[in-house]
Amino acid sequence: DTADNEILEEARICKLMQEEEKQFLEKCAAKDYENMAKHLSILLKHSKKSRRLRMENVKVLVALGKAGEVRNELIQMSEICTSSDIYYLKAFLVHFEGQDEAAIQFLQESLVRDPDHKESQRLIKAIKRLNNQKEEGNALFKAQNLEEACKKYSECINLEEASKTYLATIYTNRATVYLKQEKYDICLLYTSPSPRDLSTSRMPSSA
């Protein structure tokens with residue numbers, strides 16, 4: 001009867017959601033943003049009001065460079081997310097566009113509204129860590145400690161939350177070190193961002 005059919009349909013959707021969630025998390029671990037977006041699209045068809053999924057969707061769109069879609073999504077999310085969430089996501093967007101000063105301002109606004117907002121706390125620490133690491137590398141370079149400067153820049157490249165703008169700067173800085181060391185062969189091989197680095201940003205793995 002109708003009731004039985006509804007129960008079966010709910011069970012089917014539940015099983016589908018579990019499988020999509022599993023595959024989404026696998027793609028998260030692999031930083032496969034294109035397929036993350038596909039799985040999120042299916043999940044959101046059945047959980048449009050999920051704060052977690054909507055926030056994950058914004059971050060994936062940012063990584064894919066779809067700023068226009070991000071801004072439209074933020075407008076629609078105002079009924080689901082808190083004002084702290086929205087400021088955090090705005091910060092996430094402008095950070096990955098290379099605008100760290102604006103990102104810090106948004107994060108501060110988020111934390112004014114909710115001092116315990118974990119995502120904002122984590123991102124503000126990450127941005128400061130990125131810039132501190134870069135400045136340490138620059139200081140080593142200025143001191144002519146080229147070997148250590150190169151190591152520091154290499155560490156920067158592997159940091160999570162690194163934007164395309166940040167990575168481009170770090171690769172350029174490291175290339176300058178190799179040129180100073182007259183390591184021209186290494187300079188040609190290892191001083192340009194990979195296509196993956198250029199097409200996506202170093203987002204953290206989703207929990």
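How many helices and strands make up the secondary structure of the chain? The count is 11 helices and zero strands. This is a predicted model. From the N terminus on, the elements read α-α-α-α-α-α-α-α-α-α-α. The C-alpha trace spans about 80 × 40 × 25 Å along its principal axes.

**Overall burial and contacts**

- The chain has 207 residues, and 43% of them count as buried.
- Take the contacts in the chain with a separation of 6 or more: residues 24 or more positions apart account for 57% of them.

**Helix 2**

- Helix 2 covers residues 33-46 and has 14 residues.
- From first C-alpha to last, helix 2 reaches 20 Å, close to the 20 Å expected at 1.5 Å a residue.
- Its buried residues are Y33, M36, A37, H39, L40, L43 and L44.
- Those buried residues pack against helix 1 (2-29) and helix 3.

**The second largest pocket**

- The second largest pocket holds about 210 Å³ of space.
- Its lining consists of A37, L40, S41, L44, K45, K48, R54, N57, L61 and E69.
- Which element gives the most to the lining? Helix 2 does, with five residues.
- A37, L40 and L44 belong to the lining, and in helix 2 these residues also count as buried.

**Helix 5**

- Helix 5 runs over residues 83-96.
- Its 14 residues should span 20 Å at 1.5 Å a residue, and the end C-alpha atoms are 20 Å apart, so the two values agree.
- Helix 5 is mostly covered, with 11 of its 14 residues buried.
- The buried set is S84, D85, I86, Y88, L89, A91, F92, L93, V94, H95 and F96.
- What do these buried residues pack against? Their partners are helix 3 (51-63), helix 4 (67-76), helix 6 (100-113) and helix 7.
- G98 follows helix 5 and has a positive phi, near 85 degrees.

- S110 is found in helix 6.
- Is S110 buried or exposed? S110 is buried, with a relative accessible area of 0%.
- Leaving aside neighbours within four places in sequence, S110 is in contact with S84, Y87, Y88, H117 and S120.
- D114 lies in the loop between helix 6 and helix 7.
- D114 is partly exposed, because its relative accessible area is 28% and that class falls between 20% and 50%.
- D114 and S83 are 31 residues apart along the chain, yet their C-alpha atoms are separated by 8.8 Å.

**Helix 8**

- Helix 8 (residues 146-157) has 12 residues.
- It reaches 17 Å from its first C-alpha to its last, close to the 16 Å expected at 1.5 Å a residue.
- The buried residues of helix 8 are L146, A149, C150, K152, Y153, C156 and I157.
- Why do they lie on the same side of helix 8? They cover an arc of only 165 degrees around the axis, which puts them there.
- An α-helix has 3.6 residues a turn, so residues three or four places apart point the same way.
- What covers the buried residues of helix 8 includes helix 7 (118-142) and helix 9 (164-180).

**Cysteines**

- How many disulfides does the structure hold? It holds zero.
- C14 is in no disulfide, and the nearest cysteine sulfur, that of C28, is 20 Å away.
- C14 is partly exposed, with a relative accessible area of 41%.
- C81 is in no disulfide either; its nearest cysteine sulfur, that of C28, is 17 Å away.
- C81 counts as buried because its relative accessibility is 8%, and the cut-off is under 20%.
- C150 and C156 are among the buried residues of helix 8.

Terms used:
Residues numbered from 1 in each chain as written. Predicted model: local features only at pLDDT ≥ 70, side-chain atom pairs only at ≥ 80, totals over all residues. Heavy atoms only, no water. Helix = DSSP H or I, 4+ residues; strand = E, 2+ residues; numbered from the N terminus. Expected span 1.5 Å × (residues − 1). Buried < 20%, exposed > 50% of the residue type's maximum accessible area, 1.4 Å probe, protein only. Arc of directions from axis to C-beta. Contact = heavy atoms within 4.5 Å. Disulfide = S-S within 2.5 Å. 1 Å grid on protein atoms, 1.4 Å probe; cavity = no way out; pocket = protein on both sides within 12 Å on 5 of 7 lines; lining within 4 Å. Points joined across faces, edges and corners; volume = space filled by probe spheres on them.
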